[in-house]
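Hello,

I am passing this structure on to you, with some notes on what turned up in it. Please have a look at it first, and then read on.

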Amino acid sequence: MAAISKIATGNGHGENSAYFDGWKAYEINPFHPTDRPDGVIQMGLAENQLCFDFIEKWLMEHPEASICTAEGVSKFKETALFQDYHGIPEFRQAVAKFMGKVRGDRVKFDPDRIVMSGGATGAHEMVAFCLADPGEAFLVPTPYYPGFDRDLRWRTGVELVPVVCDSANDFKITIDSLQSAYHKAQEANIKIKGLLITNPSNPLGTFMDKDTLKNIINFVNEKNIHLIGDEIYAATVFMEPEFVSISEVIEEVECNRDLIHIVYSLSKDMGFPGFRVGIVYSYNDTVTSCARKMSSFGLVSSQTQHLIATMLSNDEFIDNFVAESRERLFKRHKYFTWTLSQIGICSLKSNAGLFIWMDLRKLLKEKTFEAEMDLWRVIIDEVKLNVSPGSSFHCHEPGWFRVCFANMDNYTMEIALSRIRNFMVKNNETMVPPRNKLLRRTSLKLSLSRSLSRKMDDFIMSPSIMSPQSPLVQART
Amino acid sequence: MVAMSKIATGNGHGENSPYFDGWKAYETNPFHPTERPEGVIQMGLAENQLCFNLIKNWLIKHPEASLCTPQGVDKFKETALFQDYHGMPEFRQAVAKFMGKVRGDRVKFDPDRIVMSGGATGAHEMVAFCLADPGEAFLVPTPYYPGFDRDLKWRTGVELVPVDCESCNNFKITRNALEAAYVKAQEANLRVKGLLITNPSNPLGTILDRDTLKSMVRFINDKNIHLIGDEIYAATVFMEPEFVSISEIIEEEDVECNRDLIHIVYSLSKDMGFPGFRVGIVYSYNDSVVSCARKMSSFGLVSSQTQHLIASMLSDDEFVDNFITESKELLFKRHKYFTWSLSQVGIGCLKGNSGLFIWMDLRKLLKEKTFAAEMELWRVIINEVKLNVSPGSSFHCEEPGWFRVCFANMDDHTMKVALLRIRTFVLKNNEAMVPLKLCRPSSLKISLSRSLSRRMDDFMSPGIMSPHSPLPQSPLVRART
C-alpha cells in the first residue's frame, strides 16, 4: 500500500458535492439538436458564448495577434522563451486598461499590480495562501460559488465561515449578518483573516449598491481583516444600475488599502475559460510581491498573453465588445426571464451574470433540502435540464436554483424553455391560463434599442401575451 | 499592521539564494552585441534556443495549428471554452506520443495518465501535495536544481533531505548514499515519503545508467516510498550512451516494482524550448495519484490555445522525428565546441552527454576549499569576467568549486564572446601557464558527422591539432612549453 497525502485521500476536492451530479448526468447524455435531441441540456455551466462571432471577426483582421502567422511569427521565439513571472508588459497594460474600461473608466488600474494566476481558480487559492495560515478563515456570504470550497480550502487548509443572507431582503449582505458570522467564528476559536465577496454575485446575478460596499469596507477596516473582491462578472452587467467596483469605493471612503484585493479573470467577461487568464490585483505591495512569486505555479501561457495583449489594447474593439456583449446578454436574459414568468416561474430580479437565480420554492413538497434534491432530480431526469440546486451554493433556504442562459444558442434555449413549459403544464395543468397557449415561439418577436436603460415592459411586444402570473394562482379565465 | 500568512512573510520563495544574485547583475547590465557589448552574458539560464528556425518553418506551413488563422479559427470558440481538466484528448495523445519518441519508442505512454500542470514548477508542487503531508520529506540527490526548494517545499510544508553525491565517483547516486540519507531523516524524525531524481541531471548534464536506476527502484520498493523521476531533459541527450527512462526500467523482467510508487514529471520547457507556454506534465502509474492530480490541475491547466498548438505540432511524426534529431545534433555541436574551447584554456568539466549546460570544475581556482572562496570566485566571474554562471553551492553541492554554465541559450557570436572572456581571464590569472600554441577562436574549425557516436578527437581540424591540447589541463599545471 503506497501511502499518499491526506490532501489526496480526503474529499477537499469538493467533487462529491451535488453541484457535480448534474454534470455527470449531462456527460452521459448531452443534448445535441440532431444527434441527441432528447439529451440533457447543460444549464449548470456559467459560460458566455454570445460574442464569439465578434471575436472571430477581429482575429481575422489581426493576424499579428497570433505568434504562428506570417505576421506574428517573428515574435514566436521571444514569446516561447518568455517565462518571467512579471508577465509580458503589454499584457499587463492591456488587462489593466480593460479592467478600467469595464468600470466605465471611473478608475485606473496600475499594470504593475497585475499578477497572473492559473485562472480565477488559481487566483483564489493564491490569495488564500498569501493572506491566511492553515486553520484561519475567510467569511463568505451565502449563497456562493461551490468552487470556493475547493479553491480556498483544499490545499491551503484555510476555512470558510458563511455569512448567511436571506431571500427576505433579496440576499443583501447586511452589517448584522457580517457581525454575526464574525462572532460565531470567534466563539469557535477561528481567526478570521478576511471577507470574500463576489460582485457581481454568482449565483444571484445581482451586484452590490454603493452603500452596501461602503458598509463592507467599514467592516473590514474596523476588524482589520482583508477584503477580497471577486469581480469576474464585472463586464456582464447588462442593465442599470451601473456596476460599482471596490476599486471605486476605496477612492471615496477611509480605507487601509493594504486590506484590499481584487480577483479577476477573462473567463466570464470575454468567454475564454480555456485560456486560463487569472488575475490577482492587490493594493498591498507585500501581497503583490508574494503573489507574483507564487504565480510561477500558474502563469498564463505567453502565447495567450500575446493574444490577449493584442486584443485588449485595441480600444475600438473593446468598446464595441463590451457594448455588444451587454446588449446580447440583456436580450437573452430578458427573453428567458419573461418566458419563464409567462409560465409562472419567477427569479430574483437581476441585472448581471450569465444565469438567473430561479425561485422554485412553491414547487417544493416541503420546505426542506431533501425536497429540493427531489425536485432537482426530477428536473435532471424528467425535464432533462442540468440546473444547479441552491444547496450546492450553501443557500440557507431550499427551493432556489441557478440556471445558466448564456452558454447555448437560441435554438437550444427555446428547447429548454419548451421543456420547462411542458413540465409546468403537466404538473399544474388546471392552473395555467388558457391564453398562455397563444405563446408559441414562432410568434414571439422582440425588438430592443441599444440603450442600457430599460423598463420591464419595453421588450413585451404583443399585448395579448401580457401578464406574468404564477400558474399556481387561480386562473382568471 | 495588516496580517498576512506565514508563507507570505517567510523566505520559502527561495529568492534569497545566490542563484538569483547573478540574475540581478545580468538584469542590471545585460549583454547585447551592439548596444551593450560589455554587458553580462547570461549563462545561468538553462534554455534551449537552438531549434527555433525548424519550429518557425513548421508553423508557417501549418496555419491550422493556430486558432487565429482562417484555417484554424473555426476551432476558436470550442477551444476558448474548453476548460475540462482532463485536457484536450489530442493534446494528451500528442504528448504521450512525443514522450515515447524521445525514448526511442522503447516504451509507450498512456494518454489517460497525462495530467497537466503549470509548467514543471507546478508539476513538482502538485506531486508533493499528492504524495506527502506537511512535515514529511523527499530525498533529493545533490547537486540539484535550486527551484526544488521552492517548488516542493514552499506552500506544501514538505521537507527535502539531501542525498550526498561526490565528485570522486562523478556524483553517482549510490545505494549507500541513499541509505545514509534515509537514516539521517529518520533520526531527525522526518518521515520520508519519496525519492526525487532528475534524469538527465540538472546541473550535471549526465544520465543515470541502467544499474543505478535499477538499484534506485529496488531501494524505493524496499522502503515502500515513491520515486519521482523528473525527466524534463530527456530529449537533450545528444551523445551516447542512450537515455534510459524510469518508464523503461520498470518494464524489465528482472525488476520487481510496485508501480503505484512511480511518477514522472515532464515539460516542454527544455526539450522543445517553450518555457513560456507552461506545458507541465505529471505522469503517474498510480491511479489514485492520477485522479487526485487531475483535480488539482485546475490550479494550473495548460491554456487550451497552447494545448491546441502543441497537439498539432507533436502529432506531426515527421516534424517530431526531424526536430529530435536536429536538436540533438545542434546541442552536440555546441557542447563539443564549448567544452573543447574550455579545455584549451585548461578548464575541465564533468563528462556529460545531455542537458543545456556543463558542470564546470573550477576547484583549482579556489583560494581555499571553502564555499566562501567559491562565492568570491563567483563574484569575480560576474563582475570581472561578466558572465552569469551558477555557483555549485546554490545547487546544494557538497564540494565547493563547481559551477553550472549554460551554453544553449545564446547564438554563436555570443558564445564566442563568452569563451573569449573566459580565455582572457584565465590568461590574466595564469599567464606563465598557458601553452603558446593555444588556438584563437577565429581559427577554430569544427566539422562533424551526423552520427551520435563520437570520440573526443573527431571534431578537431588537423590544422590545429596538438598532442598536448585535447586533454583538459589545469592552467595551474606547469606549462610544457
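Predicted model: local features only at pLDDT ≥ 70, side-chain atom pairs only at ≥ 80, totals over all residues.

**The sheet in chain B**

B:Cys349 stands opposite B:Met360 in S10(B). Helix H13 of chain B (residues 317-344) packs on the sheet there, where it touches S9, S10 and strand S13 (402-406) of chain B; its direction makes about 15 degrees with that of S10(B).

Residues are numbered from 1 along each chain as its sequence is written, chains are lettered from A and ligands numbered from 1 in the order in which they are written, and side-chain values use heavy atoms, with hydrogens and water left out.

Helices (H or I, at least four residues) and strands (E, at least two) are DSSP runs numbered from the N terminus, and two strands pair if DSSP finds at least two bridges between them. Contact, or touching, means heavy atoms within 4.5 Å. Angles run from 0 to 180 degrees between N-to-C directions, with axes fitted to C-alpha atoms, for helices over the stretch in contact.

Back to the sheet: it is open, has 4 strands in the order S9-S10-S13-S12 (chain B), and its pairing is antiparallel. Its edge strands are S9 (348-349) and S12 (390-391) of chain B, each pairing on one side only. S9(B) and S10(B) (residues 357-361) are joined in the antiparallel sense over 2 bridges.

**The rest of chain B**

Chain B has 15 helices and 13 strands. Of its 481 residues, 62% count as buried (under 20% relative accessible area; exposed is over 50%, partly exposed in between, with a 1.4 Å probe and protein chains only). Helix H12 of chain B (residues 304-314) is mostly covered, with 11 of its 11 residues buried; among them are B:His308 and B:Met313.

**Chain A**

Chain A also has an open sheet of 4 strands, in the order S9-S10-S13-S12, with antiparallel pairing. Strands S9 (346-347) and S12 (388-389) of chain A are at the edges with a single partner strand each, so one side of each has no neighbour in the sheet. S12(A) pairs with S13(A) (residues 400-404) over 2 bridges, in the antiparallel sense, and A:Ser388 has A:Arg402 as its bridge partner in S13(A). Helix H13 of chain A (residues 315-342) lies across S9, S10 (355-359) and S13 of chain A, at about 15 degrees to S10(A). Helix H14 of chain A (residues 369-381) lies across S12 and S13 of chain A, at about 30 degrees to S13(A).

Elsewhere in chain A, A:Ile190 is in the loop between helix H8 (175-187) and strand S5 (192-198). A:Ile190 counts as partly exposed because its relative accessibility is 25%. Leaving out residues up to four places away in sequence, A:Ile190 touches A:Gly135, A:Ala137 and A:Ala185.

Happy exploring!
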